[in-house]
Every structure is written in C-alpha cells, then in structure tokens.
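The exercises below each set a task and then work through a solution step by step. Please keep the sequence and the structure in view while reading them.

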Amino acid sequence: MKKILLGTAACVFAASTFVTSALAADPHIDPAKLSEHVKVLASDAFEGRGPATAGEVKSVAYISEQFKAAGLQPGGDKTKTGRAWTQDVPLAQFDIKGPVAVSVKAGGETLTWTQGHEVAIRAAETGVDHVSVKDAPVVFVGYGVKAPERNWDDFKGVDLHGKIALVLVNDPDFETGQGDFGGKAMTYYGRWTYKYEEAARQGAIGFIVIHETAPASYGWNTVRNSNTNAVFDIIRKNPSEAHAPIEAWIQRDTTIDLFRRAGLDFEALKKQAQTREFKPVTLSGVTFSTDFAVDARKVVSHNVVGVLPGTKHPGERIIYTAHWDHLGVGLPDARGDRIYNGAVDNASGVSGLIELGRAFAHSPRTERTTMFMAVTAEEKGLLGSEYYATNPLYPLATTVANINMDGAAVNGPAKDISTSGDAGLTLQDDLIAVAKAHGRYFTKDSRPEAGSFFRSDHFSFAKQGLPALSFGSGRDLVKGGVEAGKAAQEAYVRDRYHQPADEFDPNWDLSGMAQDLTIGYDLGMQLANSREWPEWKAGSEFKAARDKTAAERK
C-alpha cells in the first residue's frame with residue numbers, strides 16, 4: 001500500500017456543473033457489506049492472498065462471484081462466448097530454496113549475518129537457480145542516483161562490476177528538506193525500486209539498501225516481511241538487464257558497525273552524499289559473501305474485471321481499481337503468526353471496489369462505460385496494474401481516468417480527504433470539488449517523503465499517460481481531530497503494516513469508508529456522464545505520453 005486549483009473560468013464552470021449533477025442520487029453504500037467483504041478476504045482461510053497460491057484461487061473466485069452478484073458483467077479476456085471475469089497476468093516467480101548463507105569480512109574478522117535480521121536478501125530475479133558471491137568488495141555510493149537533468153551523478157565513473165554497493169534510501173534532499181530534488185517530497189530517484197534498476201545499469205553484483213525508518217517510511221519488520229518471501233516480476237527476455245543478482249536491504253546499526261570497522265563515519269559520509277560533489281567510497285578491508293538457491297518459474301496470476309457498458313459512449317471508460325493481493329504466508333511474528341492477512345492493505349480497498357460496482361449497477365446506466373478491476377501482485381511491484389497498462393483489454397487512449405483505492409478508513413469519518421502523492425492533474429481538481437460539495441476539504445499527502453505516488457497501482461497507469469490517482473480519507477477525524485488521525489496512522493504503520501497483525505477487527509467504524517466511497521462514486525458518475533477528459537497539467541512528466549493520443553479523444 002502505499003498513500004489544485006482550477007486554472008480557468010471554463011474549468012471552474014465545468015467543475016461546478018459536475019458537482020450539481022453528481023450529487024443527485026445517494027449510492028447507499030452499506031458499511032455492513034463493506035465489513036463482511038473484509039472479514040472474508042482477510043480471514044486465515046485466504047492465507048494472505050499471495051499471488052499464484054491457493055489464496056489467489058479463493059480470492060479470484062470470491063471477487064468474481066461478488067462482482068456478478070453486484071450486477072456487473074465480465075470484462076476480462078475474450079472467450080468464445082464473450083468475456084471472462086479475469087485477465088491472465090503471466091509472471092515470473094522467484095523463491096529462495098533452503099538456507100541463505102551470508103558473511104562479511106571486516107577489519108580482519110569474519111561476521112556471520114542472518115537472513116531477516118541484519119539483512120533481507122530478495123530471491124534473485126535474473127533467472128538463475130543459484131547465487132554464489134565470494135568476497136566481493138563493498139562500495140558506498142551515497143543515494144545511488146544518476147540524474148543528468150539535475151546535473152547529479154553519485155557514481156562519478158566508478159566501476160562497480162564485481163562489487164556490492166551500499167546505497168541510502170530516499171532522495172538527497174530528505175534530511176534537509178531542500179536541494180535539487182524538490183525538498184521533502186520523494187522523487188522516483190528515492191524509491192528502492194529505482195536503486196535496484198540502477199544497480200543493473202551500473203553492472204554491480206548488487207545494491208544493498210540501507211534501512212532507516214524515517215526515509216524508508218516504515219520499520220525493519222516491514223522490510224523483512226516484504227523481501228524474504230516470494231518475489232515476482234513480469235516475463236523478461238533478458239532479466240539481467242533489469243536486475244542485478246543481489247537486491248537486498250541492511251539494518252542501519254549493522255551498516256554503522258561496518259563503516260566503523262572500515263575506519264569510516266557513516267553519518268559524515270551520509271552528509272557528504274547530500275551534495276553533488278560526493279564520490280563513491282570503498283569500505284577498506286570489507287568484503288561480502290553469500291550463497292543460496294533460487295526456484296524460478298513462470299506462473300499465471302489474474303486481474304478480476306467487471307464492467308457496466310455505457311449507453312452512449314461505450315468505448316470510453318472510467319476504471320476503478322484496488323489490488324486484491326497481499327503477502328501470503330511468510331516469516332512468523334512474535335506470536336508465531338505466519339499469515340499476512342492484509343485486512344486494511346488491501347481487503348478494504350477490494351471491499352470498496354465491490355460495493356462501488358453494486359452502487360453503479362443499481363443506478364441509471366451511465367453514458368460512458370464504468371469498469372471495476374481488482375489487480376494482482378501490487379505488493380510485488382504493481383505488476384498486475386503494470387500488465388494491464390501495457391497490455392490493456394481496452395484502449396488507454398479512450399480511457400478517461402483511473403481511480404484507485406489502497407487502504408481504507410477504519411477509524412470513522414474524517415473531515416478531509418487526501419491522495420497518495422500530489423500530482424498536477426485536473427482529475428484531482430474534480431475530486432477536490434466533489435469533496436467540497438460533501439462538506440469535506442482536501443489535504444495534501446501528509447507524508448510526501450514516503451513517495452506514495454509511486455507505491456500504488458495508479459502509478460502504472462500514470463506512466464502510460466492516463467490521468468490517475470489514489471484517494472482516501474485524510475487525518476482530521478471527526479472524533480479526535482488531526483491528533484487522533486495521526487496517531488492512528490502511525491500506529492498502523494508501526495504495528496500492522498505488512499505484518500501478520502493487519503487483521504480484521506469487528507470494532508472498526510467503517511462509516512467513514514462509506515462516505516469516502518460516496519465521493520469516489522460521485523467523481524466517477526460525473527466523468528461517466530460528461531464529455532470531460534481529465535488532463536495532466538503543464539510540467540507533468542506524464543503529460544507528453546497522454547498528449548500523443550489526443551486525436552483519438554473527441
């Protein structure tokens with residue numbers, strides 16, 4: 001999971017017209033139904049809803065059945081008689097087989113590390129069945145960023161072939177809040193996914209990301225649990241071009257000790273890394289070794305797709321999405337629980353998706369098509385949405401927008417709404433206008449440094465140019481205000497996010513979730529009954545891709 005002002009008089013008029021028409025009917029979203037879906041999907045019987053597991057079979061069957069019961073039509077892959085409820089998503093799956101041996105030589109001493117404790121090493125995604133690294137030199141490469149447009153290069157021509165690189169998470173601006181990367185708000189250069197991509201480009205044996213809770217935006221338990229189970233990728237002709245053999249994380253305290261043994265000061269070097277003058281530093285006398293087996297195989301997962309064809313413009317569609325997958329079965333927590341139920345993340349979002357489908361199915365049919373898609377493998381890198389966005393069942397050029405839901409409100413109503421990240425697009429303007437009509441105000445992402453815009457499924461669509469956002473409650477709770485909302489969010493990230501403790505709670509107050517979904521319903525209803533085509537604003541990195549297909553939208 002992850003986490004605008006109207007520019008012209010014409011835009012203001014359009015938004016005003018939208019709000020008047022969108023609030024004409026109450027969709028009657030029932031918190032009790034929302035609760036029941038979450039209870040089922042997050043039950044132990046669904047085994048954490050891991051892709052390509054028995055939990056997927058149950059999840060896909062349940063969502064398909066609920067879509068049908070809600071009144072939707074199948075909108076997936078073509079069949080001899082029409083459409084299936086699913087879109088096949090071919091993936092490569094990688095699992096570590098057996099033990100992971102990890103050792104480091106530093107200062108004349110050999111240190112033995114434990115998988116999940118000092119380090120969290122991901123199963124290699126290069127297609128090999130065995131990884132063996134012996135005494136590889138270790139280099140600190142700062143934030144591991146190469147950004148020519150910002151005149152920034154952390155590598156300075158250093159040859160990383162045959163070496164392991166230690167890299168900081170987030171952007172060089174994170175500590176100071178100012179600089180060449182836009183301040184606290186994370187850019188894609190700050191994402192750990194970018195770091196691993198750069199490792200492959202640099203020819204390194206691997207990049208090990210240094211975990212620090214604040215810049216990562218989550219604790220070590222989340223890192224450990226997310227990176228020591230099965231990993232997935234799209235099917236690639238040359239996987240080594242996208243992945244280095246070693247992709248891993250390391251604890252901060254372990255890193256500090258390693259630097260000390262090499263005669264280096266971690267904090268001082270981190271400060272240097274915040275400047276463009278930084279140069280890579282070899283950890284003298286430090287080498288890294290590891291050995292483990294990998295099970296690599298091809299699997300087929302599934303997106304679940306329901307549609308309601310439009311009456312006047314059926315070839316144009318609004319896509320609602322929520323990911324159905326979670327982490328499955330993994331390392332045990334302190335209680336011995338190994339099932340990662342993913343109640344908030346994201347059984348709650350799928351629950352909302354089903355009930356939005358029901359609301360549209362029981363309303364007068366819209367002029368444009370509405371589509372409801374539960375996507376797979378979000379937790380594995382947004383892969384289900386990435387597959388759809390690059391292999392769409394219906395043309396993206398005539399898709400109006402993507403409205404995504406990832407983690408719903410379980411602590412009652414809020415006075416505000418928010419989005420994951422803050423993107424420059426008129427779709428967000430429309431959302432703000434609808435929220436205002438409901439007596440709610442808009443709050444920008446409260447944690448821009450977490451890079452939430454890049455961490456949920458709307459990002460897959462945005463990369464292809466489609467106007468897209470993820471929305472949900474803000475933190476200003478009706479009961480307790482911002483203080484209570486912030487405390488609830490922090491407690492969730494600390495104690496339950498990507499942990500077995502993210503379980504269904506019958507004491508949740510889902511009335512706020514129902515209110516949020518009503519706003520999402522109104523936003524989609526307006527778009528589905530208008531000729532509006534949301535746009536990226538000037539300066540957006542996604543605008544050019546959308547503009548290429550402008551002639552196909554009338």
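A residue is called buried when its relative accessible area is under 20%, exposed when the area is over 50%, and partly exposed in between, with a 1.4 Å probe and protein chains only. The model is predicted, so local features need pLDDT of at least 70 and side-chain atom pairs count only at pLDDT 80 or more, while totals for chains, interfaces and linings use all residues. Residues are numbered from 1 along each chain as its sequence is written, and side-chain values use heavy atoms, with hydrogens and water left out.

**Exercise 1. Determine how far helix α11 is enclosed, and describe its length.**

Step 1: Helices (H or I, at least four residues) and strands (E, at least two) are DSSP runs, numbered from the N terminus; α11 covers residues 426-437.
Step 2: Of the 12 residues of α11, 9 are buried, so the rest of the structure largely encloses this helix. Among them are Thr426, Asp429, Asp430 and Val434.
Step 3: From first to last C-alpha, α11 reaches 17 Å, close to the expected 16 Å, where the expected span is 1.5 Å times one less than the number of residues.
Step 4: Just after α11 comes Gly439, with a positive phi of about 80°.

**Exercise 2. Describe how helix α9 packs against helix α14.**

Step 1: Two packed helices are described by the angle between their axes and the distance between the axes. Axes are lines fitted to C-alpha atoms, for helices over the stretch in contact, and angles run from 0 to 180 degrees between N-to-C directions.
Step 2: The axes of α9 (residues 343-361) and α14 (residues 511-528) come within 10 Å and cross at roughly 50°. That makes α9 oblique to α14, given that angles under 35 degrees count as roughly parallel, over 145 as roughly antiparallel, 65 to 115 as roughly perpendicular and the rest as oblique.
Step 3: Contact means heavy atoms within 4.5 Å, and the residues of α9 that meet α14 include Ser348, Gly352 and Phe360, while those on the α14 side include Met513, Tyr521 and Met525.
Step 4: By class, this contact of α9 with α14 has 7 nonpolar, 4 polar and no charged residues; Ala, Val, Leu, Ile, Met, Phe, Trp, Tyr, Cys and Pro count as nonpolar, Asp, Glu, Lys and Arg as charged, and the others, Gly among them, as polar.

**Exercise 3. State how α7 and α8 are oriented to each other, and what their contact consists of.**

Step 1: Helix α7 (residues 252-261) and helix α8 (residues 266-273) have axes 9 Å apart and pack at an angle of about 100°. The two helices are therefore roughly perpendicular to each other.
Step 2: Arg252, Thr255, Ile256 and Phe259 of α7 meet Phe266, Glu267 and Leu269 of α8, and these residues divide into 4 nonpolar, 1 polar and 2 charged.
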